[in-house]
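User: Could you walk me through some side-chain contacts here, one step at a time?

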Amino acid sequence: MQETSGSKSSLRAKIQAMGGFLTNMVLPNIGAFIAWGLLTALFIPTGWIPNEYLAELVGPTITYLLPLLLAYTGGRMVGGQRGAVMGSIGAIGLIIGSDIPMFLGAMVIGPLGGWIIKRFDKLLENKIRAGFEMVVNNFSIGILGFFLLLLSYTVIGPIIQAANEAVTVAIEALVATGFLPLLSLINEPAKVLFLNNVIDQGIYYPLGMQQTLEAGKSIYFTVASNPGPGLGLLLAYTFFGNKIARRTAPGAIIIHFLGGIHELYFPYVLMKPLTILGMIAGAMSGIATFQLFDAGLVAGPSPGSIFAYLALTPRGNFVGIIAGVVVATIVSFLVTSLILKLDRKSDDDEDALNKSMEKSKTMKSEGKQVLNDSPAAADRKAVNKISFACDAGAGSSALGATTFRKKLQKANIEGIEVKHYRIEDVPEDSDIIVVHKNLLDRARLSFENHEIITIDNYIGDPKLEELLDELKER
(Lines give C-alpha, C1' and ligand atoms only; values in the text may rest on other atoms or scores of the structure.)
Protein backbone atom coordinates (compact mmCIF):
# COMPACT_ATOMS: atom_id res chain seq x y z
CA MET A 1 0.00 0.00 0.00
CA GLN A 2 2.83 2.34 0.89
CA GLU A 3 4.60 1.47 -2.31
CA THR A 4 1.51 2.39 -4.32
CA SER A 5 1.18 5.68 -2.45
CA GLY A 6 4.85 6.43 -3.05
CA SER A 7 4.58 5.69 -6.76
CA LYS A 8 1.56 8.00 -7.01
CA SER A 9 3.52 10.77 -5.27
CA SER A 10 6.44 10.23 -7.60
CA LEU A 11 4.16 10.39 -10.63
CA ARG A 12 2.58 13.60 -9.38
CA ALA A 13 6.04 15.07 -8.76
CA LYS A 14 7.06 14.24 -12.32
CA ILE A 15 3.88 15.79 -13.73
CA GLN A 16 4.50 18.88 -11.60
CA ALA A 17 8.05 19.04 -12.94
CA MET A 18 6.74 18.84 -16.50
CA GLY A 19 4.33 21.66 -15.72
CA GLY A 20 7.17 23.71 -14.28
CA PHE A 21 9.21 23.12 -17.42
CA LEU A 22 6.34 24.26 -19.64
CA THR A 23 5.84 27.30 -17.45
CA ASN A 24 9.47 28.30 -17.70
CA MET A 25 9.23 28.14 -21.47
CA VAL A 26 6.23 30.46 -21.40
CA LEU A 27 6.96 32.89 -18.55
CA PRO A 28 10.01 34.64 -20.05
CA ASN A 29 7.94 35.31 -23.18
CA ILE A 30 4.71 36.47 -21.53
CA GLY A 31 5.51 40.07 -22.50
CA ALA A 32 5.53 39.09 -26.18
CA PHE A 33 2.19 37.30 -25.78
CA ILE A 34 0.69 40.36 -24.12
CA ALA A 35 2.07 42.59 -26.90
CA TRP A 36 0.34 40.36 -29.43
CA GLY A 37 -2.84 40.43 -27.35
CA LEU A 38 -2.81 44.22 -27.35
CA LEU A 39 -2.30 44.25 -31.13
CA THR A 40 -5.32 41.99 -31.47
CA ALA A 41 -7.50 43.92 -29.02
CA LEU A 42 -6.75 47.25 -30.69
CA PHE A 43 -6.37 46.81 -34.44
CA ILE A 44 -8.37 43.84 -35.76
CA PRO A 45 -11.76 44.69 -37.36
CA THR A 46 -13.60 44.07 -34.08
CA GLY A 47 -10.94 45.83 -31.97
CA TRP A 48 -11.03 49.11 -30.09
CA ILE A 49 -9.46 51.12 -32.92
CA PRO A 50 -9.61 49.00 -36.10
CA ASN A 51 -6.69 49.62 -38.42
CA GLU A 52 -6.17 47.45 -41.48
CA TYR A 53 -2.52 48.45 -41.90
CA LEU A 54 -1.46 47.74 -38.29
CA ALA A 55 -3.62 44.62 -38.12
CA GLU A 56 -1.25 43.01 -40.62
CA LEU A 57 1.15 42.54 -37.70
CA VAL A 58 -1.23 40.15 -35.92
CA GLY A 59 -0.89 37.08 -38.17
CA PRO A 60 2.91 36.96 -38.61
CA THR A 61 3.48 37.65 -34.92
CA ILE A 62 1.43 34.67 -33.74
CA THR A 63 2.58 32.44 -36.61
CA TYR A 64 6.33 33.10 -36.46
CA LEU A 65 7.50 35.19 -33.51
CA LEU A 66 5.70 33.53 -30.60
CA PRO A 67 6.39 29.87 -31.51
CA LEU A 68 10.03 30.71 -32.29
CA LEU A 69 10.40 32.39 -28.89
CA LEU A 70 8.98 29.32 -27.15
CA ALA A 71 11.24 26.95 -29.09
CA TYR A 72 14.29 29.15 -28.49
CA THR A 73 13.60 29.29 -24.75
CA GLY A 74 12.89 25.56 -24.48
CA GLY A 75 16.05 24.69 -26.40
CA ARG A 76 18.11 27.00 -24.24
CA MET A 77 16.74 25.48 -21.04
CA VAL A 78 17.95 22.04 -22.14
CA GLY A 79 21.03 22.73 -24.23
CA GLY A 80 22.14 26.29 -23.54
CA GLN A 81 22.70 28.74 -26.39
CA ARG A 82 23.44 25.97 -28.89
CA GLY A 83 20.25 24.24 -27.85
CA ALA A 84 18.34 27.49 -28.39
CA VAL A 85 19.59 27.69 -31.98
CA MET A 86 18.77 24.03 -32.64
CA GLY A 87 15.30 24.43 -31.20
CA SER A 88 14.63 27.46 -33.38
CA ILE A 89 15.79 25.64 -36.52
CA GLY A 90 13.44 22.79 -35.76
CA ALA A 91 10.56 25.16 -34.99
CA ILE A 92 10.71 26.93 -38.35
CA GLY A 93 10.12 23.59 -40.05
CA LEU A 94 6.96 23.11 -37.99
CA ILE A 95 5.77 26.65 -38.69
CA ILE A 96 6.23 26.48 -42.45
CA GLY A 97 4.71 23.00 -42.68
CA SER A 98 1.49 23.80 -40.82
CA ASP A 99 -1.46 26.14 -41.15
CA ILE A 100 -2.06 26.66 -37.42
CA PRO A 101 0.06 28.51 -34.82
CA MET A 102 2.56 25.89 -33.70
CA PHE A 103 2.70 26.56 -29.95
CA LEU A 104 2.44 22.92 -28.91
CA GLY A 105 4.94 21.95 -31.58
CA ALA A 106 7.39 24.63 -30.45
CA MET A 107 7.16 23.39 -26.87
CA VAL A 108 8.14 19.93 -28.11
CA ILE A 109 10.72 20.69 -30.79
CA GLY A 110 12.57 23.34 -28.77
CA PRO A 111 13.58 21.02 -25.90
CA LEU A 112 14.15 18.18 -28.39
CA GLY A 113 16.62 20.30 -30.34
CA GLY A 114 18.37 21.26 -27.12
CA TRP A 115 18.57 17.63 -26.05
CA ILE A 116 20.01 16.49 -29.41
CA ILE A 117 22.82 19.04 -29.43
CA LYS A 118 23.53 18.46 -25.75
CA ARG A 119 23.93 14.72 -26.33
CA PHE A 120 26.11 15.34 -29.38
CA ASP A 121 28.38 17.72 -27.47
CA LYS A 122 28.72 15.19 -24.66
CA LEU A 123 29.75 12.48 -27.12
CA LEU A 124 32.50 14.70 -28.55
CA GLU A 125 33.62 16.11 -25.20
CA ASN A 126 37.46 16.21 -25.03
CA LYS A 127 37.67 14.56 -28.47
CA ILE A 128 38.02 17.64 -30.69
CA ARG A 129 41.55 18.59 -31.73
CA ALA A 130 42.70 22.04 -30.70
CA GLY A 131 41.91 24.67 -33.32
CA PHE A 132 38.94 22.79 -34.75
CA GLU A 133 36.42 23.69 -32.04
CA MET A 134 34.65 26.42 -34.02
CA VAL A 135 34.45 24.35 -37.19
CA VAL A 136 32.96 21.37 -35.33
CA ASN A 137 30.57 23.54 -33.32
CA ASN A 138 29.21 25.38 -36.34
CA PHE A 139 28.95 22.39 -38.67
CA SER A 140 27.43 20.16 -35.97
CA ILE A 141 24.53 22.59 -35.48
CA GLY A 142 24.31 23.10 -39.24
CA ILE A 143 24.12 19.41 -40.10
CA LEU A 144 22.01 18.27 -37.16
CA GLY A 145 19.77 21.30 -37.56
CA PHE A 146 19.33 20.49 -41.26
CA PHE A 147 18.04 17.00 -40.46
CA LEU A 148 15.87 18.26 -37.60
CA LEU A 149 14.41 20.89 -39.93
CA LEU A 150 13.47 18.23 -42.49
CA LEU A 151 12.12 15.91 -39.80
CA SER A 152 9.99 18.61 -38.20
CA TYR A 153 8.63 19.75 -41.57
CA THR A 154 7.74 16.30 -42.92
CA VAL A 155 6.98 14.16 -39.84
CA ILE A 156 6.77 15.91 -36.48
CA GLY A 157 4.73 18.86 -37.74
CA PRO A 158 1.91 16.79 -39.27
CA ILE A 159 1.72 14.58 -36.16
CA ILE A 160 1.48 17.56 -33.80
CA GLN A 161 -1.04 19.30 -36.06
CA ALA A 162 -3.22 16.18 -36.10
CA ALA A 163 -3.02 15.89 -32.30
CA ASN A 164 -3.78 19.59 -31.93
CA GLU A 165 -6.79 19.31 -34.20
CA ALA A 166 -8.07 16.27 -32.28
CA VAL A 167 -7.88 18.12 -28.95
CA THR A 168 -9.44 21.22 -30.51
CA VAL A 169 -12.32 19.23 -32.00
CA ALA A 170 -12.96 17.48 -28.67
CA ILE A 171 -13.06 20.71 -26.67
CA GLU A 172 -15.05 22.55 -29.34
CA ALA A 173 -17.59 19.72 -29.21
CA LEU A 174 -17.77 20.25 -25.47
CA VAL A 175 -18.35 23.96 -26.07
CA ALA A 176 -21.04 23.26 -28.68
CA THR A 177 -22.95 20.97 -26.31
CA GLY A 178 -22.73 23.52 -23.51
CA PHE A 179 -20.77 21.15 -21.28
CA LEU A 180 -17.54 23.15 -21.15
CA PRO A 181 -18.09 23.88 -17.41
CA LEU A 182 -17.54 20.17 -16.76
CA LEU A 183 -13.82 20.76 -17.33
CA SER A 184 -13.81 22.25 -13.83
CA LEU A 185 -14.16 18.71 -12.46
CA ILE A 186 -10.60 18.15 -13.73
CA ASN A 187 -9.16 21.64 -13.53
CA GLU A 188 -9.84 22.51 -9.89
CA PRO A 189 -8.48 19.36 -8.20
CA ALA A 190 -5.45 19.45 -10.50
CA LYS A 191 -4.76 23.09 -9.66
CA VAL A 192 -4.60 22.59 -5.90
CA LEU A 193 -2.15 19.74 -6.48
CA PHE A 194 0.10 22.33 -8.17
CA LEU A 195 -0.63 21.00 -11.65
CA ASN A 196 -2.12 24.33 -12.72
CA ASN A 197 0.73 25.13 -15.08
CA VAL A 198 0.36 21.83 -16.93
CA ILE A 199 -3.27 22.73 -17.62
CA ASP A 200 -2.89 26.40 -18.52
CA GLN A 201 0.44 26.60 -20.34
CA GLY A 202 0.23 23.11 -21.81
CA ILE A 203 -3.39 22.99 -23.01
CA TYR A 204 -5.58 26.06 -22.74
CA TYR A 205 -3.12 28.79 -23.72
CA PRO A 206 -2.15 27.21 -27.07
CA LEU A 207 -5.80 26.52 -27.90
CA GLY A 208 -6.73 30.03 -26.82
CA MET A 209 -4.12 31.68 -29.03
CA GLN A 210 -5.31 29.63 -31.99
CA GLN A 211 -8.95 30.61 -31.42
CA THR A 212 -8.06 34.27 -30.84
CA LEU A 213 -6.37 34.44 -34.23
CA GLU A 214 -9.69 33.45 -35.80
CA ALA A 215 -12.23 35.13 -33.51
CA GLY A 216 -10.29 37.91 -31.77
CA LYS A 217 -10.84 36.37 -28.33
CA SER A 218 -11.06 33.00 -26.61
CA ILE A 219 -12.96 31.55 -23.67
CA TYR A 220 -10.15 29.02 -23.20
CA PHE A 221 -8.07 31.69 -21.43
CA THR A 222 -10.74 31.85 -18.70
CA VAL A 223 -11.39 28.13 -18.19
CA ALA A 224 -8.74 27.59 -15.50
CA SER A 225 -7.54 31.10 -14.66
CA ASN A 226 -10.70 32.75 -13.25
CA PRO A 227 -9.71 34.42 -9.93
CA GLY A 228 -13.34 34.36 -8.75
CA PRO A 229 -13.49 30.85 -7.20
CA GLY A 230 -10.33 31.43 -5.17
CA LEU A 231 -11.66 34.80 -3.99
CA GLY A 232 -14.92 33.20 -2.86
CA LEU A 233 -13.05 30.48 -0.96
CA LEU A 234 -10.82 32.99 0.84
CA LEU A 235 -13.79 35.20 1.71
CA ALA A 236 -15.54 32.18 3.22
CA TYR A 237 -12.48 31.42 5.33
CA THR A 238 -12.31 35.08 6.36
CA PHE A 239 -15.82 34.93 7.81
CA PHE A 240 -16.27 31.30 8.83
CA GLY A 241 -12.80 29.76 9.16
CA ASN A 242 -10.96 29.10 12.40
CA LYS A 243 -9.01 31.88 14.08
CA ILE A 244 -5.78 31.20 12.20
CA ALA A 245 -7.58 31.12 8.85
CA ARG A 246 -9.47 34.33 9.63
CA ARG A 247 -6.17 36.07 10.36
CA THR A 248 -4.38 34.93 7.22
CA ALA A 249 -7.16 34.78 4.60
CA PRO A 250 -7.59 38.59 4.16
CA GLY A 251 -3.92 38.98 3.25
CA ALA A 252 -4.16 36.01 0.89
CA ILE A 253 -7.14 37.68 -0.80
CA ILE A 254 -5.06 40.71 -1.76
CA ILE A 255 -2.19 38.62 -3.09
CA HIS A 256 -4.47 36.18 -4.93
CA PHE A 257 -7.07 38.51 -6.44
CA LEU A 258 -4.97 41.61 -7.06
CA GLY A 259 -1.53 40.06 -7.38
CA GLY A 260 -2.64 37.03 -9.35
CA ILE A 261 -0.72 34.44 -7.32
CA HIS A 262 -3.34 31.70 -7.12
CA GLU A 263 -1.08 29.32 -5.21
CA LEU A 264 -1.98 31.29 -2.08
CA TYR A 265 -5.41 29.70 -1.85
CA PHE A 266 -4.29 26.12 -2.51
CA PRO A 267 -3.37 25.43 1.16
CA TYR A 268 -6.84 26.52 2.28
CA VAL A 269 -8.41 23.87 0.05
CA LEU A 270 -5.94 21.25 1.25
CA MET A 271 -6.71 22.23 4.85
CA LYS A 272 -10.30 21.05 4.32
CA PRO A 273 -10.41 18.99 1.10
CA LEU A 274 -14.21 19.08 0.98
CA THR A 275 -13.98 22.76 0.04
CA ILE A 276 -12.87 21.63 -3.42
CA LEU A 277 -16.61 21.30 -4.07
CA GLY A 278 -16.91 25.06 -3.63
CA MET A 279 -14.07 25.63 -6.06
CA ILE A 280 -15.60 23.32 -8.66
CA ALA A 281 -19.05 24.89 -8.29
CA GLY A 282 -17.60 28.40 -8.54
CA ALA A 283 -15.46 27.57 -11.58
CA MET A 284 -18.34 25.83 -13.37
CA SER A 285 -20.70 28.73 -12.77
CA GLY A 286 -18.03 31.18 -13.95
CA ILE A 287 -17.48 29.28 -17.21
CA ALA A 288 -21.23 29.02 -17.75
CA THR A 289 -21.52 32.78 -17.31
CA PHE A 290 -18.69 33.44 -19.77
CA GLN A 291 -20.49 31.20 -22.24
CA LEU A 292 -23.81 32.95 -21.65
CA PHE A 293 -22.26 36.33 -22.49
CA ASP A 294 -20.01 34.88 -25.24
CA ALA A 295 -17.06 36.47 -23.42
CA GLY A 296 -13.37 35.79 -23.76
CA LEU A 297 -9.88 37.27 -23.41
CA VAL A 298 -7.32 38.12 -26.08
CA ALA A 299 -4.38 36.43 -24.33
CA GLY A 300 -3.53 34.35 -21.30
CA PRO A 301 -3.75 36.34 -18.05
CA SER A 302 -0.42 35.77 -16.34
CA PRO A 303 -0.43 36.43 -13.46
CA GLY A 304 -4.12 35.64 -13.08
CA SER A 305 -5.12 38.83 -11.31
CA ILE A 306 -8.27 40.82 -11.91
CA PHE A 307 -6.10 43.58 -13.40
CA ALA A 308 -4.71 41.19 -16.02
CA TYR A 309 -8.25 40.00 -16.75
CA LEU A 310 -9.52 43.52 -17.37
CA ALA A 311 -6.42 44.54 -19.36
CA LEU A 312 -6.88 41.61 -21.76
CA THR A 313 -10.65 41.96 -22.16
CA PRO A 314 -11.63 42.97 -25.72
CA ARG A 315 -14.25 45.57 -26.55
CA GLY A 316 -17.80 44.49 -25.75
CA ASN A 317 -16.73 41.75 -23.32
CA PHE A 318 -16.34 43.62 -20.04
CA VAL A 319 -19.83 42.86 -18.77
CA GLY A 320 -19.44 39.15 -19.48
CA ILE A 321 -15.93 38.88 -18.01
CA ILE A 322 -16.82 40.80 -14.84
CA ALA A 323 -20.06 38.83 -14.47
CA GLY A 324 -18.17 35.54 -14.80
CA VAL A 325 -15.73 36.53 -12.07
CA VAL A 326 -18.49 37.84 -9.75
CA VAL A 327 -20.76 34.80 -10.21
CA ALA A 328 -17.85 32.42 -9.61
CA THR A 329 -16.95 34.34 -6.45
CA ILE A 330 -20.49 34.26 -5.07
CA VAL A 331 -21.07 30.57 -5.79
CA SER A 332 -17.70 29.53 -4.38
CA PHE A 333 -18.30 31.68 -1.29
CA LEU A 334 -21.76 30.23 -0.62
CA VAL A 335 -20.75 26.59 -1.08
CA THR A 336 -17.51 26.93 0.89
CA SER A 337 -19.25 28.85 3.68
CA LEU A 338 -21.83 26.09 4.03
CA ILE A 339 -19.08 23.47 4.23
CA LEU A 340 -17.16 25.42 6.86
CA LYS A 341 -20.24 26.06 8.97
CA LEU A 342 -21.28 22.41 8.86
CA ASP A 343 -17.77 21.26 9.68
CA ARG A 344 -17.72 21.16 13.46
CA LYS A 345 -14.08 20.13 13.57
CA SER A 346 -12.75 23.63 13.07
CA ASP A 347 -12.11 24.24 16.73
CA ASP A 348 -10.61 20.77 17.16
CA ASP A 349 -8.28 21.43 14.24
CA GLU A 350 -7.17 24.68 15.80
CA ASP A 351 -6.58 23.04 19.19
CA ALA A 352 -4.56 20.33 17.49
CA LEU A 353 -2.53 22.95 15.66
CA ASN A 354 -1.88 24.87 18.87
CA LYS A 355 -0.84 21.68 20.66
CA SER A 356 1.47 20.86 17.78
CA MET A 357 3.08 24.29 17.98
CA GLU A 358 3.49 23.97 21.75
CA LYS A 359 5.07 20.55 21.28
CA SER A 360 7.50 21.99 18.75
CA LYS A 361 8.48 24.75 21.14
CA THR A 362 9.05 22.21 23.92
CA MET A 363 11.21 20.04 21.70
CA LYS A 364 13.12 23.09 20.60
CA SER A 365 13.94 24.03 24.18
CA GLU A 366 15.23 20.51 24.69
CA GLY A 367 17.54 20.84 21.70
CA LYS A 368 15.33 18.66 19.46
CA GLN A 369 14.17 21.18 16.88
CA VAL A 370 11.87 19.42 14.41
CA LEU A 371 11.45 21.42 11.22
CA ASN A 372 11.17 18.63 8.71
CA ASP A 373 12.05 15.05 7.95
CA SER A 374 15.51 15.81 6.57
CA PRO A 375 18.45 14.28 8.45
CA ALA A 376 20.41 17.42 7.67
CA ALA A 377 18.32 19.39 10.16
CA ALA A 378 19.92 17.68 13.13
CA ASP A 379 23.42 18.58 11.94
CA ARG A 380 22.71 22.13 10.86
CA LYS A 381 25.59 24.47 11.75
CA ALA A 382 25.64 27.66 9.73
CA VAL A 383 22.91 28.97 7.49
CA ASN A 384 24.11 31.24 4.69
CA LYS A 385 21.59 30.62 1.93
CA ILE A 386 17.86 29.88 2.14
CA SER A 387 16.08 29.10 -1.12
CA PHE A 388 12.31 29.30 -1.47
CA ALA A 389 11.12 27.14 -4.36
CA CYS A 390 7.84 26.64 -6.19
CA ASP A 391 6.61 25.32 -9.50
CA ALA A 392 7.63 28.27 -11.68
CA GLY A 393 9.85 30.21 -9.28
CA ALA A 394 7.95 33.41 -9.95
CA GLY A 395 4.82 33.38 -7.79
CA SER A 396 4.41 31.91 -4.35
CA SER A 397 8.13 31.32 -3.79
CA ALA A 398 8.88 34.96 -4.63
CA LEU A 399 6.27 36.05 -2.12
CA GLY A 400 7.64 33.70 0.54
CA ALA A 401 11.24 34.77 -0.01
CA THR A 402 10.39 38.47 0.11
CA THR A 403 8.32 38.06 3.29
CA PHE A 404 10.98 35.99 5.07
CA ARG A 405 13.76 38.34 3.98
CA LYS A 406 11.89 41.26 5.54
CA LYS A 407 11.48 39.29 8.77
CA LEU A 408 15.22 38.68 8.87
CA GLN A 409 15.87 42.39 8.35
CA LYS A 410 13.39 43.31 11.08
CA ALA A 411 15.16 40.89 13.44
CA ASN A 412 18.55 42.43 12.47
CA ILE A 413 19.78 39.08 11.15
CA GLU A 414 22.43 39.61 8.47
CA GLY A 415 24.59 37.44 6.25
CA ILE A 416 21.79 35.10 5.07
CA GLU A 417 20.87 35.14 1.39
CA VAL A 418 17.17 34.49 0.75
CA LYS A 419 16.07 34.04 -2.86
CA HIS A 420 13.35 32.28 -4.84
CA TYR A 421 13.73 29.73 -7.63
CA ARG A 422 11.99 27.17 -9.73
CA ILE A 423 12.52 23.87 -7.90
CA GLU A 424 14.91 22.46 -10.50
CA ASP A 425 16.96 25.68 -10.49
CA VAL A 426 17.68 25.85 -6.76
CA PRO A 427 21.47 26.31 -6.26
CA GLU A 428 23.35 23.31 -4.94
CA ASP A 429 24.97 25.41 -2.21
CA SER A 430 21.60 26.18 -0.59
CA ASP A 431 21.67 25.37 3.12
CA ILE A 432 17.87 25.19 3.42
CA ILE A 433 15.23 24.72 0.73
CA VAL A 434 11.66 25.77 1.54
CA VAL A 435 8.81 24.25 -0.50
CA HIS A 436 5.10 23.62 -0.13
CA LYS A 437 4.46 20.15 1.27
CA ASN A 438 2.77 19.06 -1.97
CA LEU A 439 6.00 19.78 -3.86
CA LEU A 440 8.25 17.76 -1.53
CA ASP A 441 8.43 14.70 -3.81
CA ARG A 442 9.41 16.88 -6.73
CA ALA A 443 12.07 18.64 -4.65
CA ARG A 444 13.46 15.28 -3.54
CA LEU A 445 13.93 14.29 -7.19
CA SER A 446 16.60 16.98 -7.53
CA PHE A 447 17.81 17.55 -3.95
CA GLU A 448 17.69 14.26 -2.10
CA ASN A 449 20.49 15.14 0.34
CA HIS A 450 19.54 18.74 1.08
CA GLU A 451 17.59 19.96 4.06
CA ILE A 452 14.07 20.67 2.89
CA ILE A 453 11.49 22.44 5.02
CA THR A 454 7.93 21.73 3.97
CA ILE A 455 5.26 24.32 4.68
CA ASP A 456 1.51 24.74 4.24
CA ASN A 457 1.67 28.44 3.44
CA TYR A 458 4.47 30.59 2.05
CA ILE A 459 3.65 33.38 4.52
CA GLY A 460 3.03 33.01 8.24
CA ASP A 461 3.65 29.26 8.38
CA PRO A 462 4.57 27.98 11.88
CA LYS A 463 7.65 26.19 10.57
CA LEU A 464 8.96 29.44 9.11
CA GLU A 465 8.38 31.12 12.48
CA GLU A 466 10.33 28.30 14.14
CA LEU A 467 13.17 28.73 11.65
CA LEU A 468 13.22 32.47 12.31
CA ASP A 469 13.34 31.89 16.07
CA GLU A 470 16.23 29.48 15.65
CA LEU A 471 18.15 31.94 13.50
CA LYS A 472 17.62 34.66 16.11
CA GLU A 473 19.35 32.50 18.70
CA ARG A 474 22.46 31.96 16.62
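Analyst: Happy to! A residue is called exposed when its relative accessible area is over 50%, buried when that area is under 20%, and partly exposed in between. Please keep in mind that this is a predicted model.

User: With that cut-off, is Phe 147 buried or exposed?
Analyst: The relative accessible area of Phe 147 is 52%. Exposed means over 50%, so Phe 147 counts as exposed.

User: How many aromatic pairs are there?
Analyst: Ring centres have to lie within 6.5 Å for a pair to count. By this rule the count comes to six.

User: Which kind of aromatic pair do Phe 146 and Phe 147 form?
Analyst: Their ring centres are 5.2 Å apart, and the planes make an angle of 70°. Planes over 60 degrees apart count as edge-to-face, so this pair is edge-to-face.

User: How many residues apart in sequence are the parts that Phe 239 and Phe 333 tie together?
Analyst: Phe 239 and Phe 333 form an edge-to-face pair, at 6.2 Å centre to centre and 85° between the planes. Phe 239 lies in helix H8 and Phe 333 in helix H13 (residues 318-342), so the parts they tie together are separated in sequence by 94 residues.

User: Which strand holds Lys 385, the partner of Asp 429?
Analyst: Asp 429 and Lys 385 meet in a salt bridge of 2.9 Å, N to O. Asp 429 lies in the loop between strand E2 (417-422) and strand E3 (432-436), so the pair ties together parts 44 residues apart, with Lys 385 in strand E1.

User: Is Ser 387 buried or exposed?
Analyst: Ser 387 lies in strand E1 (residues 385-390). Its contacts beyond four places in sequence include Lys 419, Tyr 421 and Val 434. At 0% relative accessibility, Ser 387 counts as buried.

Terms used: Residues are numbered from 1 along each chain as its sequence is written. This is a predicted model: local features need pLDDT of at least 70, side-chain atom pairs count only at pLDDT 80 or more; totals for chains, interfaces and linings use all residues. Side-chain values use heavy atoms; hydrogens and water are left out. Helices (H or I, at least four residues) and strands (E, at least two) are DSSP runs, numbered from the N terminus. Buried means under 20% relative accessible area, exposed over 50%, partly exposed in between (1.4 Å probe, protein chains only). Contact means heavy atoms within 4.5 Å. A salt bridge is a side-chain nitrogen of Lys or Arg within 4 Å of a carboxyl oxygen of Asp or Glu. Rings of Phe, Tyr and Trp (its six-membered ring) pair if their centres lie within 6.5 Å; planes under 30 degrees apart count as stacked, over 60 as edge-to-face and the rest as tilted.
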